Amino acid sequence: MRLRNTVAAALGALLLSAALPASPAAAANGEFLYTYVGLNGLNLRGTLPDPDSNVCIDIPETVGSNLPAFAPRNFTDATATVFLEADCDGDVFYVMPPGKRLGDRLRLRSVVFS
């Protein structure tokens, strides 16, 4: 009877450990800044503070808009890859190391940090 309980406890512990994530969710430290055109036609500054790593983030102000964001600034401690299309999709992307600033000509709709 004891052996059966021991085996059952060990199996339960094994299943529980397999269900837990391998590592806690990481976040890039710092801010990712960008510019977007507001409803009033003015250029406004947007920010993603301490964004999650390894997760595609659509720029909120570009969802449902014909205008992409532009002029990104990566003030995080992680490398940012910005995409022209939403959902980190498409062939048009640019890799931004930490501290990198890009001009008004670069357009983006989504970003992922690594």
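Modeller: Two strands pair if DSSP finds at least two bridges between them, and strands are DSSP runs of E with at least two residues, numbered from the N terminus. This is a predicted model, in which local features need pLDDT of at least 70, side-chain atom pairs count only at pLDDT 80 or more, and totals for chains, interfaces and linings use all residues. Residues are numbered from 1 along each chain as its sequence is written, and side-chain values use heavy atoms, with hydrogens and water left out.

Biologist: What makes β5 a partner of both β6 and β8?

Modeller: Between β5 and β6 there are 4 bridges, and the two run antiparallel; A80 has M96 in β6 as its bridge partner. Another 4 bridges join β5 to β8, again antiparallel, with T81 facing V112 in β8.

Biologist: Which strands make up the open sheet that has β2 and β7 as its edge strands?

Modeller: Its order is β2-β1-β4-β7, with antiparallel pairing. The edge strands β2 (43-49) and β7 (107-108) each pair on one side only. Strand β1 (residues 30-37) is joined to β2 by 7 bridges, and L33 lies opposite T47 of β2.

Biologist: Why is S110 called buried?

Modeller: Buried means under 20% relative accessible area, exposed over 50%, and partly exposed in between, with a 1.4 Å probe and protein chains only. S110 has 0% relative accessibility, so it counts as buried. The residue belongs to strand β8.

Biologist: What makes the approach of the S110 side chain to E85 a polar contact?

Modeller: A polar contact is a pair of N or O atoms within 3.5 Å; within protein, one must be able to donate a hydrogen and the other to accept it, and residues adjacent in sequence count only if both atoms are side-chain atoms. The side chain of S110 reaches the backbone oxygen of E85 at 2.6 Å.

Biologist: Is M96 buried or exposed?

Modeller: M96, in strand β6, has a relative accessible area of 0% and is therefore buried. Contact means heavy atoms within 4.5 Å; leaving out residues up to four places away in sequence, M96 touches several residues, including F32, P72, A80 and L102.

Biologist: How do you know that C56 and C88 form a disulfide?

Modeller: A disulfide is a pair of cysteine sulfur atoms within 2.5 Å. The S to S distance of C56 and C88 is 2.2 Å, and the count by this rule is 1 disulfide. The pair links distant parts of the chain, 32 residues apart: C56 is in the loop between β2 and β3, and C88 in the loop between β5 and β6. With 100° about the S-S bond, their link is right-handed.

Biologist: Why is C56 called partly exposed, and why is C88 called buried?

Modeller: C56 has 34% relative accessibility, so it counts as partly exposed. C88 has a relative accessible area of 18% and is therefore buried.
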